[in-house]
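Please keep the sequence and the coordinates in view while reading.

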Amino acid sequence: MKPDSVDLSILKTLIDDGRASMRQIAQRTGLSTPTVSARIARMRKAGLIRGFVPILSSSPLDRKAIALVTLKVPPPCAAAVANKLARLPEVEDAYVVAGPYVLLKLALESPQILQKFLADNASLGSDVELASTQVVTEIIKEGPVSLEATKLTIRLKCDYCDGDISSGRPFRVRVDKSDRYFCCKTCKRAYLEKYALRLSKLRKLARPALQS
Ligand SMILES: [Zn+2]
């Protein structure tokens with residue numbers, strides 16, 4: 001799906017306050033409540049919004065130790081090993097990286113537990129090898145995905161030239177029941193000229209009552 005500026009304004013509101021009601025979001029974005037709920041439903045269906053969850057405090061005070069563990073894994077079973085480990089409550093993040101290696105971020109009650117954790121779990125397969133372990137000494141940044149970070153995947157594209165609509169308000173044309181966006185006036189005009197016939201047909205279809 002291609003989120004537009006309306007979706008983005010809803011997302012911004014939700015990121016500020018994930019518990020906002022449909023009505024509150026409507027008020028804050030200047031949209032109608034049905035529009036807000038329809039847009040959110042669409043973004044959930046498209047997988048853009050995966051869910052609404054509380055963000056639990058995870059300060060270093062709560063988790064006594066954070067460790068990064070790298071395991072060398074034979075290629076065919078890297079994902080399987082990572083998946084198995086990901087189910088453990090101590091594993092906060094799990095990645096398969098080139099090598100292949102399985103990279104884990106662990107939250108432990110104490111650094112001393114790391115050895116026990118590794119002894120219990122890191123030898124999942126006979127070929128799994130402990131490549132490195134590092135205990136985190138300072139957290140500079142961690143947290144949920146920000147809208148900034150997702151910009152790359154949800155950038156608005158011009159419906160005529162396919163160029164990025166990076167700044168300012170996009171030029172918009174309502175077609176059927178959705179919107180088309182353009183980077184500039186020229187693209188908007190060119191689109192309207194190119195599809196003039198089709199657009200006028202759509203408009204007639206949309207208002208059958210006026211035809212009789
Ligand atoms: Zn364009």
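Predicted model: local features only at pLDDT ≥ 70, side-chain atom pairs only at ≥ 80, totals over all residues.

- Four strands form an open sheet in the order β2-β3-β1-β4, and their pairing is antiparallel.
- At the edges of this sheet are β2, residues 91-97, and β4, residues 129-135, each of which pairs on one side only.
- From one strand to the next, the twist averages 15°.
- Strand β3, which covers residues 101-108, runs antiparallel to β2 and is joined to β2 by six bridges.

**A helix across the sheet**
- Helix α4, made of residues 78-86, lies across both β2 and β3, and its direction is at about 175° to that of β2.

**The α1 and α2 pair**
- Helix α1 (residues 5-16) packs with helix α2 (residues 22-29) at an angle of about 120°, and the two axes are 10 Å apart.
- Because of that angle, α1 counts as oblique to α2.
- The crossing in which α1 passes α2 is right-handed.
- On the α1 side the contact is made by S9, I10, T13 and L14, while α2 contributes I25, R28 and T29.
- Sorted by class, this contact of α1 with α2 comprises three nonpolar residues, three polar residues and one charged residue.

Note on methods. Residues numbered from 1 in each chain as written. Axes fitted to C-alpha atoms, helices over the stretch in contact; angles between N-to-C directions. Helix = DSSP H or I, 4+ residues; strand = E, 2+ residues; numbered from the N terminus. Parallel < 35°, antiparallel > 145°, perpendicular 65-115°, else oblique. Left-handed = near helix turned anticlockwise from the far one by under 90°. Contact = placed C-beta atoms within 7 Å. Nonpolar A, V, L, I, M, F, W, Y, C, P; charged D, E, K, R; others polar. Pairing = 2+ DSSP bridges.
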